[in-house]
Amino acid sequence: MAFDFSKLSAGGTIGRIIDPARLFDALPDKADGYGYLRAVQKDVLDAWSTRRAERDIVVKTNTGGGKTIVGLLMLQCCLNEKTGPALYLSPTPDLAKRVRAEARNLGIATVDDPESSKFLRGEAICVTTMNVLINGKTRFGLTVPGSRHQPVMVGSVVVDDAHAALAMTDENTRLRIPRGHATYTPLVKLFEDDLKAQSPHQLMDIHDQDPSAVLAVPFWAWQDKHEAVLQILHPERSSPAFEWSWPLISDILPWCHAVVTADEIEIMPPCPPIEKIPSFAQARRRIYLTATLADDSVLVTHFDADKDSIATSIFPDSAADLGDRLILAPEELNPDISHDEVRALAASVAQNRNVVVLVPSKRQAAKWASEAALTVSKADEISAAVERLTAGHVGLVVIINRYDGIDLPDEACRLLIIDNLPLAYGGFERREALALRDTEAMVTRQLQRLEQGMGRGVRSRDDRCAILLLGPRLTQLLARPEIADRLSEATRAQLDLSRRVARNLEGTDAAGLRAVITQVIDDDRGFRLASREALINVSYSPASVSATATHLRAAYNSAVGHRASEAAARAKAAVGAARDGGDAPLAGWLGETHAAYLNAVDTVAAQQALTEAALLNNAVLRPRAGIEYHRISPPSPQAYQASAYLTDRYASGHDLIVGLDALIDDIDWDRTRTDAAEAALADLGAHLGFSAQQPERYFGIGSDVLWAAGNRTYLVIEAKTGAQAPRIWKKDINQLSGSVNWCQREYGNDAIIIPVLVHPTHTVEHSGTPPQNTRIINEPKLKAFKYAIRRFARAIGHDDKYLTPTGVEPQLAALDLGVSALIATYTQLAYREPASA
């Protein structure tokens, strides 16, 4: 008979260990290979152990640094300390499954059911996803009347991949009402006059189902009519479109923002109503695990985290435990390397190795159709693709709009290509992207997504991956000198190494690029040595928490706590903090939020606050009284004005080339990005030495774009880059006519007005009568125009010729970019089809 050694056990001693490193050593059922903690794991566990009583703690380790084991040990110690139940939140079901597998390897008990008695008694950690916790039907329960589940009081929570959790929280706390839903049309009708006052053109585009059109419902109209909104929406509270989000926003409806697009109406609170989910909001300990969260401010706005604790992150002494990455932007090495050449390069690599391409849209994915073995976009498709990549050779796989929440270790991905940054698809994001275009706040967010994406291909210290970054906007972003302090120290070090490589590759062709990538993929010893040396002595960056975030969350908390005056005061403080930080566009954007809170206290003061906000950022809502139109300033001689503008804008000729490439890339026949095209057309006018503005967007009158070319000459430009019809419809011509008439009234009868329509075709339907001498930039003309701009950029960027008017003027003339030659060369006279057509 076998001797029962369990009789000699101390009777639950292990269950009383609250030091995580000691607990790891004592766990009796660990699988082979789990003999010791890594140094980085012990560093953070020891640091957490001394601060465990703090409510909000951020733990930062590089990808592959063993965050999962760290999180599980922390939660098990919390259970041993009787600070349970304990909850582990993963970004996706697949990753939650991996966490449970890791727990089994450690001998730690887990469940996946929030109603499990083992979880509720503190005998096992519940491992699930953020989506399961944060929704209007959550099984964890809500603090709202009629919640079908009694709230589960959780003691300790770990949020893994905190950056992904933030995006999910945003999405799960907004109500999306599709165009076909019964409440869409009544809501649009309710606010018809208010929307029309903001922009008649945009409202017409929404009615015409233009996918790029977006209008915000003015906050004063929303607050005045919120009871009518409730009457429309309440009967649908149990419908599939409503049931997952309505319980979270229904009783804070007056404070919500609403935007209308051709596809849907979005309703979203100023901050996620995390207070309604007590399992998270009232947890005694909340631990956020992240590899790439450079700006910790969002933890304050989204999770109401304590700013002082967040400001002191926990991280290892060294950040050198990252795998080897070479990060190159082909267009930065050689602006003449084409997308076709990069695709051919990737296809050749994919013959023997797995190549993964991350793209922001189906439109971008279509460019890879002939090279892709697989293109995926839905969650289950992505999971299946990742499993196939991990299991063996697949080839080239394109993943649409997923920059986080996937692991591609080792041979699953040896070449990672990020082809353009993610686009803003929702109405709120599109408004914000337009308002904060190229601002510090937007650059930080873009870099955050980029760093998340770059982390997909290297998942451990011994992993390696070559990374290519494509797209003019992405190349331009990476070239900005001030971005360094917004990336992690390890990524910054690897970028520095990559730039040293790039300097030696400058001017190389696709074949030269392929050779260097092959060295990385084949584990070249020299590259590995250089990579490891680059990471020596690299440490983690200190946390960053902005004052604006603290004030914005406090404003929201005051508003839902029925303290409107206090909410307005805190929102005003957020505006002041942005202004003090030197970010005037952000201050103006936040001024709209301040005005919305203030409207509940003083409607007159709210309109004044909005007017002041518009002076800092003309993308905010227009006040009730409108915004007085400011006439465009006449330009100085074209070459002088162009040189002055370009000198102020760009630090080098290389930056100018990359910047102009990014600009003209935005002027494309894309139905979803017409706002970007209009902004780029205005910006292009300034680059060419004209005075330029967007009157309709910023003043509610006039054309999409206006260029003043000097000598009383004005180009009135209507951009229809989203048009797909084989001819120009009468309504578009009427819009152009109205803009011409407006310009004539505004600038006088002696003004020389050139009507210009940007449209795929130059043929006008017979019922439309274009203004006299209407010119069209159609597909062939736009292609030629963009080619000329590229040549112009390279000519004046070479030897920094752009710094003087004498360097710019000959190129303007040679490439037909003076106003008369531009019209003659890059536009075509409109053709009105005969009535019999």
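## Cavity, sheet and selected residues

The lining of the largest cavity is made up of 8 nonpolar, 4 polar and 6 charged residues. Here Ala, Val, Leu, Ile, Met, Phe, Trp, Tyr, Cys and Pro count as nonpolar, Asp, Glu, Lys and Arg as charged, and the others, Gly among them, as polar. This is a predicted model, in which local features need pLDDT of at least 70 and side-chain atom pairs count only at pLDDT 80 or more, while totals for chains, interfaces and linings use all residues. Residues are numbered from 1 along each chain as its sequence is written, and side-chain values use heavy atoms, with hydrogens and water left out.

A cavity is a set of points, on a 1 Å grid over the protein atoms alone, where a 1.4 Å probe fits but cannot get out; its lining residues have an atom within 4 Å of a point. Grid points are joined across faces, edges and corners, and a volume is the space filled by probe spheres set on the points. The whole structure holds 6 cavities of 30 Å³ or more, and the largest cavity has a volume of about 270 Å³. Its lining counts 18 residues, with Val214, Leu215, Arg431, Ala619 and Arg697 nearest the centre. At least two lining residues come from each of β7 (214-216), α21 (427-435) and α34 (695-699). Such helices (H or I, at least four residues) and strands (E, at least two) are DSSP runs, numbered from the N terminus.

Six strands form an open sheet with mixed pairing, in the order β17-β18-β19-β20-β22-β23. Its edge strands, β17 (691-693) and β23 (828-829), each pair on one side only. Two strands pair if DSSP finds at least two bridges between them.

| Strands | Sense | Bridges |
|---|---|---|
| β17 and β18 (705-710) | antiparallel | 3 bridges |
| β19 (713-719) and β20 | parallel | 7 bridges |
| β20 and β22 (775-777) | parallel | 3 bridges |

Gln693 lies opposite Leu706 of β18. Leu715 has Ile754 of β20 as its bridge partner. Between β19 and β20 the chain passes through helix α35 (residues 730-747), a β-α-β crossover that is right-handed; that is, with the strands pointing away from the viewer, the path from the first strand over the helix to the second runs clockwise. Val758 is partnered by Ile777 in β22. Strand β20 (residues 752-758) is largely enclosed by the rest of the structure, because 6 of its 7 residues are buried. Buried means under 20% relative accessible area, exposed over 50%, and partly exposed in between (1.4 Å probe, protein chains only).

Thr261, in strand β8 (residues 257-261), is buried at 2% relative accessibility. Beyond residues up to four places away in sequence, Thr261 touches Tyr184, Ile206, Ala213, Val214, Gly427 and Arg430, where contact means heavy atoms within 4.5 Å. Leu345, in helix α18 (residues 339-349), is buried at 5%. Among the contacts of Leu345, apart from neighbours within four places in sequence, are Leu415, Leu468 and Arg514. Arg514 is 169 residues from Leu345 along the chain, yet their C-alpha atoms are 6.5 Å apart.

Some loops have backbone features to note. The Gly84 to Pro85 peptide bond is cis, with omega near -5 degrees, and Pro85 lies in the loop between α3 (67-80) and β2 (86-90). Gln209 is not a glycine but has a positive phi of about 60 degrees; its loop joins α10 (200-207) and β7. Asp799, in the loop between α36 (779-797) and α37 (805-814), also has a positive phi, near 55 degrees. Gln209 is partly exposed at 46% relative accessibility, and Asp799 is exposed at 62%.

Note on methods: On a 1 Å grid over the protein atoms alone, a cavity is a set of points where a 1.4 Å probe fits but cannot get out, and a pocket is an open set with protein on both sides within 12 Å along at least five of seven lines; lining residues have an atom within 4 Å of a point.
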